[in-house]
Amino acid sequence: MTRRTAVAAVMGCVVLAAASCAGPERPTAAGDGKGAASTSASPVPSATATPTVDDAVAAARERMTAAATGRDAPGPEGLLVAAESTGGALFVWESSDGRFCHGTATGVGVTSVACFTRPHTPPVGKEPRLVPLVRMMATGWNVVFGAEHETVESVTCDGVPVRVKDVGVMADGRRSVHAVEFPDLTLGTVSVRVRRGSRVVTETLALETFAKKDAARFASCGEPTS
């Protein structure tokens, strides 16, 4: 995969966070000591408004559009939002020549873009399957995956439901794209319930693939991947 960083990227993984601040309080005015009533001023409200998720995604989309240019520019389907927060967003898209790309954009102007070098990678298979596409820290620990020849119904972590975001479709409609998110790095696998025609089956999806020296420090689901 090739990687370009529009402003700055930190090891290919960007943590999106939002911050707020409170305005100062005006001191109380003292009386003059001659019978005049003392007065006090009300605190000055903060002028800093917390951005909404919609505002943050709109700003992130503008930055990503400016960063993903040339061969890596989005094709006709445009940028698809895989994850979002008040700090920014994770996007996925296909370039005009059919290459899968993903990128992040934050509210402080940091962007990253990464694309496969060859079109239709990974290629759509002939059998039903789940296809891992992105595993990274963005708005949390974000895992984006595709489903081919089957429909995703639900995802669970040790039996506990996990919210699934239906991101969109790619590969000429032959691959649906979905995403799950955890607050922090989460190890192991989740169970994905899928429908294949009249049959319902359960598949597993790995949340990460790298080696862990201190696995006990991290949250986990299902079976370990290594």
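**Burial, pairing and helix geometry**

User: Why is R196 called partly exposed?

Analyst: R196 has a relative accessible area of 23%. Buried means under 20%, exposed means over 50%, and partly exposed is what lies in between, with a 1.4 Å probe and protein chains only. The value of 23% falls in the middle class, so R196 is partly exposed. This is a predicted model, in which local features need pLDDT of at least 70, side-chain atom pairs count only at pLDDT 80 or more, and totals for chains, interfaces and linings use all residues. Residues are numbered from 1 along each chain as its sequence is written, and side-chain values use heavy atoms, with hydrogens and water left out.

User: How do you know whether E150 and E203 are buried or exposed?

Analyst: E150 has a relative accessible area of 7%, so it is buried. E203, at 16%, counts as buried too.

User: Why is it said that the salt bridge of E148 and R175 ties together separate parts of the chain?

Analyst: Their side chains meet at 2.6 Å, N to O. E148 lies in strand β7 (residues 141-148) and R175 in strand β11 (residues 175-182), so the bridge joins parts that are 27 residues apart in sequence. E148 is buried at 0% relative accessible area, and R175 is buried at 5%.

User: How many salt bridges does the whole structure hold?

Analyst: A search finds ten.

User: What makes F100 and F116 an aromatic pair, and what kind of pair is it?

Analyst: The structure holds one aromatic pair. Rings of Phe, Tyr and Trp (its six-membered ring) pair if their centres lie within 6.5 Å; planes under 30 degrees apart count as stacked, over 60 as edge-to-face and the rest as tilted. F100 and F116 are 6.2 Å apart, centre to centre, with 50° between the planes, and the pair is tilted. F100 and F116 are both buried.

User: How do you know where the buried residues of α1 lie around the helix?

Analyst: In α1, A56, V57, A60, M64 and A67 are buried. Seen down the axis of α1, the buried residues fall within an arc of 95°, so they line one face of the helix. The arc is that of the directions from the helix axis to the C-beta atoms. The face turned away from the buried side carries the exposed residues D54, E62 and A66.

Conventions
Helices (H or I, at least four residues) and strands (E, at least two) are DSSP runs, numbered from the N terminus. A salt bridge is a side-chain nitrogen of Lys or Arg within 4 Å of a carboxyl oxygen of Asp or Glu.
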